[in-house]
Each structure stands twice: as C-alpha cells, then as structure tokens.
Amino acid sequence: MMAEPLYTPKPDEMDGSQLAGFMRYCEQHTGQAYADQCDFYKFSVAEFRKFWSLFLSWSGVAYEGSAEPACVGDEVESATFFPEVNLNYVENLLAGHPERDDKPAVIARTADGSRTALTRRELRQQVMAVASGYSQHGLQAGDRVVAVAFNTDTLIIAGLAALALGATLSTAAPDMGVDSILTRFQQLSPTMMLLGDDGAPDENRAEQLVASLPSLASVVMLDDTSATPQLGIPVLRLAELSSADADGFSWPRLPFNQPLFILFSSGTTGPPKCIMHSAGGVLLEHLKEHMLHGDLRAEDVLYFHTSPAWMMWNWQLSALAVGASIVLYSGRVFDAGTLWAIVASEHVTAFGTGPPYLQFCETSGFVPRIEHDLSRLRVVMSTGAILRDPQFDWVIENVAEVPIHSISGGTDIVGCFVLGSPLVPVYRGECQCRSLGLDVRALDADRVTGIGELICANPFPSRPLGLFGDPDGTRFHDAYFAQHDGVWTHGDLIEITDHGSARMHGRSDSVLNVGGVRIGPAEIYAIVNALPEVQESIAVEQQVTDRLESSRLVLLVVMTTPGSLDPGMVSTIRRALAHGASPMHVPRLVVEVAELPRTFSGKLSEAAVRDAINELPVRNAEALQNPECLTTLVAAAKSADERPVLGSGDDTVSALCGIFGELLGVSQVAPEDSFFDLGGTSLALALATRLIYERLGHDLPMSAVFAAPRPNALAGYIHRPAQDSRDTLVLLKPGDANERPVFMLHDATGDVLAYSVLADAMSGDRPVYAVRARVLDSRLQPDATVDDMTSSALESARSVQPNGPYTLIGFSFGGILAFEMARRLIAAGERVDKLVLLDSYLDPRSLGALRGWWFILVNRSLVQARRFVAAPMQSARGMWRRLRRSSPVPDSEQASTPRAEAVAALTAREQERYRPSPLAANVTFVRADERDPLQCDPVGVWQRATGGEFHVVRTPGGHNDSLTLPHVSQLGKRLSALLDEA
C-alpha cells in the first residue's frame with residue numbers, strides 16, 4: 001500500500017508553476033500531450049535532444065550561434081551538447097532582468113548579524129570593473145583561478161569577474177588545512193589566486209600557498225584593510241579593481257563547452273580528481289533545476305547554507321540567472337536559531353540546509369515557527385546526507401507546512417539526479433522525482449530495477465568535460481564509466497518507487513558522506529599512514545540511529561606494534577587529522593584490528609569493510625583472500641563502541657570526558673583531549689554547554705569551552721574558587737606580559753566569542769582580554785544592574801592591571817559598560833587613555849522624552865505587534881498537530897540554558913534604563929555605515945555626554961559588521977593605529 005503524502009501541492013500552485021508552463025510550451029512545439037510529470041519525464045529522456053533544445057529557447061538564455069545540433073553523439077561518455085552555441089555564463093547571471101537592477105542581488109550576513117547588500121546593478125558594475133582590471137593584468141580565457149575565502153560577497157565579485165573572461169574558478173574554504181588545499185590546487189598550475197582568509201587557523205597561509213604554487217602570476221586580496229603581504233609576486237586589491245571603469249567592458253561570448261568550474265572529488269584512491277565543468281552545461285542544468293524543479297522566480301530569496309568548499313556554493317550562484325536574490329552566511333552556527341533568524345530577517349522564500357542542522361534543531365528542542373516569522377518561506381531543501389523520515393515530520397510540524405525538497409547529486413555533475421517538483425506530492429524519506437532530461441535508473445548486479453547503483457543512461461549537458469590533467473580520458477573513464485559500460489555510474493545506491501519518487505541508500509563506492517560532507521579516504525590515509533605507529537588503515541562510513549548524526553566515520557587501523565592503540569595514540573591520530581585536513585576528517589571511532597581484508601590482487605577492500613560494519617551482506621566476499629577477518633574486525637568495532645567511555649565516573653573530569661564522547665560519538669576521551677581535535681564544531685560547541693548544564697548543573701558560557709577545550713582544563717575552570725575575579729576574563733591574545741593589556745567588554749549576549757576574530761586582527765604586542773557577564777557563569781553571583789556589571793568588570797580588569805592608564809573597548813551593550821568603567825576609573829584618579837565605543841546603541845528615550853517615545857511608537861510597535869500575534873497562532877497550530885499526530889515535540893524552552901536567557905533579559909532591561917551622564921574623557925565612536933532602522937542614532941547622545949574630544953570613525957556594513965569578516969581586518973587595523981598613538 002502506498003504511503004500517504006506528507007504534503008500535496010494545491011491545484012493553483014501546480015497550474016501556475018513554471019514547470020507546468022514549460023510542459024504547455026513543449027506540447028505546443030511537439031504536438032504531444034503530457035498527462036502528468038511522470039509522462040513528461042519519459043518524454044524528456046526519450047527525446048532528450050528535443051527537450052534540451054526547447055528548454056534553451058524557453059528559458060531565455062542569452063546566446064549566439066545555432067542551437068542545432070542540440071547534441072552530437074549518443075554515448076554518455078563522449079556526447080557533446082550545443083557545439084555551435086556561444087554564450088557567457090556571467091552575462092546570463094547578471095545582464096538580464098533589468099526590472100531587478102535596483103533590488104538586492106547578493107545579501108551577505110556574518111555570525112553576529114551584520115549585513116551587506118549589493119543591488120543587481122552594483123554587482124554587475126563591480127564584476128565588469130574587476131574583469132577589466134584582470135584583463136589589464138594579463139588574465140585571459142583558459143587561465144585557472146583559485147580562491148581561498150569565506151562565503152562572502154567579495155568572493156562572488158572576484159570569482160564572477162574571472163569567469164566573465166573565460167577563466168576557470170576553483171574554490172576552497174579557509175578552514176581546510178594548507179596541505180589539503182595544495183593537493184587540489186597544485187594539480188591546476190593556477191595563474192591567479194584570490195585570498196580572503198582572515199581568521200584562518202594557519203599562520204602565514206598566503207606565504208605557504210604562494211611558495212607551493214610557482215605558476216601564480218598574481219594574488220588578489222579580497223579585503224582592503226589588512227597589511228599587504230610580501231609574496232614575491234604582484235598583490236592586487238579587490239577594492240582598487242572594483243573602482244575601475246567598467247564602461248568599456250563587453251561580455252565575451254565563448255563556446256558552450258568552455259571550462260567554467262574545476263571542482264574536486266573527495267579523493268578515494270589518490271589526490272582529488274579535478275572535475276572540469278562547462279559554462280553552458282552548468283548554466284542549463286542549474287536553470288532547469290531552479291526554474292522547473294524549484295520554481296524559483298525573480299521575486300524569490302534563496303538562502304542555501306553552504307561554503308566555498310561545497311558545490312552548493314556554485315549551485316546558488318546560478319539562481320542569479322532567474323533574477324532571484326541570494327543570501328550568504330559566513331561564520332559559526334552558535335545555536336539552533338542561528339540560520340532561522342537569517343531566514344526570517346531576510347524574508348527567505350527558499351531555504352536549504354542539511355540533515356545535521358535539522359537534527360541539531362530537533363535535539364535542541366527549537367521550534368522555528370514559534371521563534372521566528374517564517375510566513376514568506378515556501379520551500380525547504382536538504383542535501384549532503386540522507387534526510388530520514390522523522391526529519392520530514394519535524395520540518396512540517398516545527399517549521400512550516402511547505403514542500404520539502406530532498407535533493408541528491410554531487411560535485412561530479414555540479415547538480416542533482418533526484419530533487420523536488422512543484423507538481424508532485426512529498427512522501428516521507430523520499431526525493432520527489434528524478435531530474436528532467438536525465439535517464440536515472442537503479443541497477444544491481446542483474447541490471448533490474450529496485451535498490452541498486454544510481455546510473456544515468458543518456459547524455460546530459462552537465463556531464464563533466466573530463467578531468468584536468470587527464471589528456472587521454474583514462475582516469476575519467478575509470479571513475480564513471482568502467483563499472484557499467486555505456487552509462488554514468490555515480491556511486492550512490494538508489495531505489496525508484498512505484499510513484500516515481502526515489503529513496504537514497506547511501507554510497508556504493510568508497511566516498512565517505514559524514515555529517516553531510518563528502519570525504520575522500522585517500523586524504524585520511526595520507527595523514528594516518530604517515531604516522532610511524534600505524535601500518536595501514538581503512539576508513540568507512542557507518543550508519544547509526546541512536547546518535548545526533550545519521551552516520552559516523554570509523555577508522556580501522558593495523559598498528560606497527562600490535563596492541564599499541566592506547567587513548568594517547570587515538571588522540572594523536574585525531575589531532576593529526578584535525579590539523580592536517582579538517583575537523584570533518586576526524587573519526588568518531590578508532591579501532592585496532594590485526595588485519596584488514598584484501599582482494600586476491602592484494603588491494604585493501606573498503607567495500608567489504610563498509611558492508612560488514614553496517615551489518616549488510618558482503619557483496620565481494622568471494623574476491624577476498626582473507627574474508628574471515630571481517631568477523632574479527634566487526635567484533636573489535638562493537639567491543640570498542642561498547643567499551644565504557646573514559647570518564648564515565650562521578651568526578652568532573654570523567655563526566656566531561658563522557659559528555660564529549662557522547663556528543664561527538666567518540667568511545668574513549670582522555671582528559672587531555674581537545675574538544676576541537678576530536679572533531680568538535682560550532683554546532684557541537686553550543687550543544688556541549690547545554691549538556692554540561694543538564695548533566696552537571698554547571699551553566700557555562702560557550703567561551704568557557706572555547707578557552708578551555710580539554711576536560712581537565714575545563715574541570716579546573718569549573719572548580720576554581722567562585723570569588724576569583726579572573727573567572728570572567730577570557731585571554732583572547734597573550735601578547736607581551738610586560739605590555740599594558742586591552743580590555744573588551746561583553747555585548748548583550750554576555751559572552752565574548754565575537755571578539756576573538758577582532759583580537760587576532762589587531763597588531764601589536766599588547767595582551768587582549770575580554771570580560772564576559774557574571775550571569776553566564778553559574779559559579780558566580782550574577783549582577784543585576786549596569787552598576788553591578790561595571791563593578792565586576794572593573795574588579796576583573798584590576799586583577800591583571802592594578803593601575804592605569806587603561807584601554808577600554810566595548811561593542812554595542814559593551815560600550816555602556818566601557819563608558820561606565822571609564823567614569824569609575826577617572827573618579828578614582830586613574831587615567832583612561834583610550835575609550836572606544838563600537839557602534840554602541842542606546843535606548844531611544846536617550847534622545848529626549850518626546851523624540852524617544854515617537855521613535856518607539858513609529859518604528860517598533862508594528863514589529864512587536866506582529867510578533868505578539870504570530871507566536872500564539874503558530875503555537876496553537878503546532879499544538880494541534882502534536883495532538884493529531886500523537887508526536888510530542890520537545891519544549892522550545894530547552895533550546896538554551898537559564899543563564900543565557902537571563903543575560904538577554906538583563907541586558908535588554910538595563911539598556912532601556914541606561915542614560916549616559918557626562919564623562920570628562922576622550923571618546924572614539926566607531927559607527928557602522930548601515931544603520932538598523934529599529935535603532936536610534938546614538939552619536940549625538942554620546943557626544944553630549946563626552947567632556948573631552950569625541951571622534952567618529954566609520955566602518956562599512958551594518959551594526960555588527962565591525963566584528964566579523966570581511967570588515968574585521970579593517971577594524972583591527974584602525975584599532976591598532978589608535979592604540980599605537982601616544
């Protein structure tokens with residue numbers, strides 16, 4: 001019996017969709033009639049040439065030349081699409097939709113809520129200007145450009161400018177290790193590198209990369225504030241390139257199959273493969289997915305949570321071609337509400353994420369539809385891992401009654417094989433349909449339908465051009481066509497259902513898909529097998545259902561000295577992977593075994609281990625020379641998994657070891673193991689503080705775990721005397737102990753993690769301390785007023801600097817504390833040489849009674865009223881669903897700890913009460929260029945309260961931009977200059 005749909009589109013939604021419109025267009029031009037999407041899908045694969053030709057015409061792609069022939073050749077491996085067509089990918093992204101020119105095209109957000117927006121006109125002009133500048137410095141079609149940058153608007157500007165000229169673009173995220181980046185980029189011999197990696201963990205990253213990439217002719221710095229590195233080759237500034245004259249630039253029309261992106265495989269058997277994608281193939285496939293499957297339109301706002309290290313970054317770019325706005329986010333995910341707050345504030349209509357984040361929200365008890373206004377949201381997308389049946393229910397009950405598009409494809413085709421549709425229902429655990437024009441099938445060893453290998457049996461435009469550095473195509477053939485003759489073999493297991501949807505069943509090859517990130521075992525082996533204590537190893541993905549993740553990474557090792565895998569060695573392995581590759585490469589379970597399975601040709605068999613670990617029939621058992629070792633290694637893995645977690649006792653260190661182990665899926669955690677070396681992420685950090693509160697009763701700020709990530713250090717922090725005034729101090733930058741320190745005062749969150757990047761961006765030898773709120777720490781007596789908070793902050797500062805002169809910096813609410821600290825110090829006869837207020841807002845009533853109340857009534861009443869009305873209605877709807885389905889949802893009150901909620905209430909109340917009194921001091925006010933319309937302009941009030949000199953320094957972006965990338969470098973430079981003044 002067919003399951004009931006979870007969501008069924010309404011008839012008017014279906015009829016008004018772009019897919020329905022394109023079906024009618026095809027009916028007119030073919031004389032055929034299509035009963036439904038299933039019928040239309042059959043046409044799209046049986047007559048794929050006609051389908052793609054009609055779509056090229058209907059979609060409005062700007063091109064020149066002849067659209068015939070649509071495809072030359074019938075073989076998937078060698079067919080060529082639209083050989084007579086010339087186009088420019090970037091022109092199609094930016095030059096159309098003139099009615100959208102003055103509306104946002106790219107909205108960039110950072111971890112603390114800051115915002116930068118570029119209209120379509122501004123983005124186009126900057127891209128054209130930078131492209132002109134690139135040309136003047138010798139960049140031309142066919143050159144290869146690489147980038148190491150965060151997910152920012154500057155990367156999009158710089159990257160699109162290179163693509164506009166016909167160069168290829170390859171991107172990496174700064175949190176990847178230098179060695180991992182070089183295994184990719186060294187294969188390309190790039191001529192230009194884009195760098196925007198402020199805050200990256202490796203020092204001297206630029207020097208290391210340039211020294212190892214001798215083909216580079218120039219480097220483009222994406223930020224305009226940091227010091228220019230001496231690299232031995234020209235270093236250009238994006239800001240200078242953007243100011244060039246764009247009027248003389250025209251879009252060069254290049255071949256349909258001009259290389260556009262070079263993306264990288266996970267690296268299963270060696271260095272990652274360099275997969276070349278064509279401009280026309282990417283554009284056409286993405287337009288089809290956005291317009292037909294996603295029904296994305298010019299009025300839509302798309303936010304897919306991604307990074308430049310993932311092909312979804314490339315996928316989101318193409319949404320500009322339909323005129324939609326795209327939202328970027330760069331920074332940590334501090335809690336379950338981080339991404340939903342962006343969805344709400346930016347009026348996102350299409351939101352994409354992965355199962356790990358949705359699972360984190362569910363585990364945290366967070367209910368987005370109650371906490372935020374999601375009325376504009378019309379679709380939720382998920383990819384990167386299998387979206388389980390219960391997660392579909394969670395989205396409908398806790399987010400919105402909208403279609404859930406579970407999509408799957410990959411870097412190999414920079415697109416989707418299965419995805420969503422506006423015309424068919426959503427079933428739990430299923431991808432709605434197969435991608436139009438792609439003959440996707442499930443094959444097993446007998447070539448029958450059912451659960452089997454995902455293959456594509458017909459040519460398609462987004463099939464890669466090939467692999468870079470593979471002139472005869474041998475590696476390309478071996479990667480995708482050797483396993484099954486004449487068809488594309490993708491490496492996934494798929495099941496096609498009776499109603500045309502699809503269920504994904506994980507990988508069928510050696511690629512690891514852990515936490516939504518695909519990882520190549522070769523990168524793990526290169527690091528682990530280089531350790532002299534390890535003889536050989538195999539890494540596999542294990543499906544799990546009783547943890548926070550749907551799968552985990554298991555590493556099986558044969559030790560050089562049998563029996564030598566102790567907790568210290570496990571920590572060494574994890575630490576090497578965290579620093580040499582990335583935290584995602586860190587295994588959740590490390591198991592010592594006597595031997596690993598080998599084929600008769602002597603090769604290690606990852607497939608056999610993966611099947612055995614997941615309790616599946618071993619498909620190649622007859623090809624193994626030692627199949628009996630599988631039973632032994634499975635038993636060893638179970639024994640290691642069931643072994644008591646180190647630290648399961650009652651003492652604090654053991655309890656913290658147990659919490660870290662449970663949270664990260666690690667069976668043995670030693671007291672000296674770092675939370676982050678074990679694979680801890682920002683999501684896990686937020687959850688760790690909540691588990692510590694629930695299990696141990698210690699309500700700690702996240703910065704406590706951040707500053708003391710090892711169980712023994714964190715236990716020492718917890719058990720230090722509560723009266724120790726240094727407990728609120730976080731040393732962000734050690735500096736020279738003989739130099740006077742700089743003190744930064746906490747903002748409205750009470751915590752100080754946001755200052756960490758700023759401290760790193762500041763030059764000089766002065767130590768930098770941040771003072772967090774006492775109320776965040778359950779060991780300390782909480783403060784109740786600004787006066788109390790000022791007293792505590794002053795006591796903390798004087799514990800490391802008894803006498804002046806003092807340097808005080810405060811962001812937002814922290815500016816109030818810095819101002820009051822300065823008043824106390826000056827009254828006590830101390831000197832304050834620097835007082836810096838970083839965009840510190842005040843209550844509107846500080847403007848004066850009449851003006852303040854008018855501001856509140858006009859600018860805030862409607863917002864508050866909408867929240868007041870919306871929350872009960874959403875809560876009532878959620879209650880009805882829970883009663884109807886008998887599926888209780890965790891209480892949203894559990895999403896944060898009591899003290900985190902207390903500090904928010906306290907700072908909001910005290911900011912409302914606070915009125916600055918005159919202070920005889922010099923003050924520097926750092927003012928954000930983009931003002932929050934819900935906040936009054938405080939500059940006049942602060943200036944009136946200042947008895948000395950009052951200087952205003954401007955910083956780009958919104959209220960919070962000063963502390964986040966890409967603007968933090970500029971702020972750090974300005975603050976360093978201020979502190980250096982006599």
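A salt bridge here is a side-chain nitrogen of Lys or Arg within 4 Å of a carboxyl oxygen of Asp or Glu. The model is predicted, so to speak for local features a pLDDT of at least 70 is needed, side-chain atom pairs count only at pLDDT 80 or more, and totals for chains, interfaces and linings use all residues. Residues are numbered from 1 along each chain as its sequence is written, and side-chain values use heavy atoms, with hydrogens and water left out.

On pLDDT (the predictor's confidence in each residue, from 0 to 100), the protein chain averages 84, and 85% of the residues score at least 70. Residues 862–895 stay under 50.

Back to the pairs: the structure holds 24 salt bridges. Both arginine 823 and glutamate 820 sit in helix α28 (residues 813–827), 3 residues apart, about one turn of the helix; helices are DSSP runs of H or I, at least four residues, numbered from the N terminus. Glutamate 910 likewise forms a salt bridge with arginine 913, with 3.4 Å between the closest N and O atoms. Glutamate 910 is buried at 6% relative accessible area, while arginine 913 is exposed at 54% (buried means under 20%, exposed over 50%, partly exposed in between, with a 1.4 Å probe and protein chains only).

Conventions. Contact = heavy atoms within 4.5 Å. Helix = DSSP H or I, 4+ residues; strand = E, 2+ residues; numbered from the N terminus.
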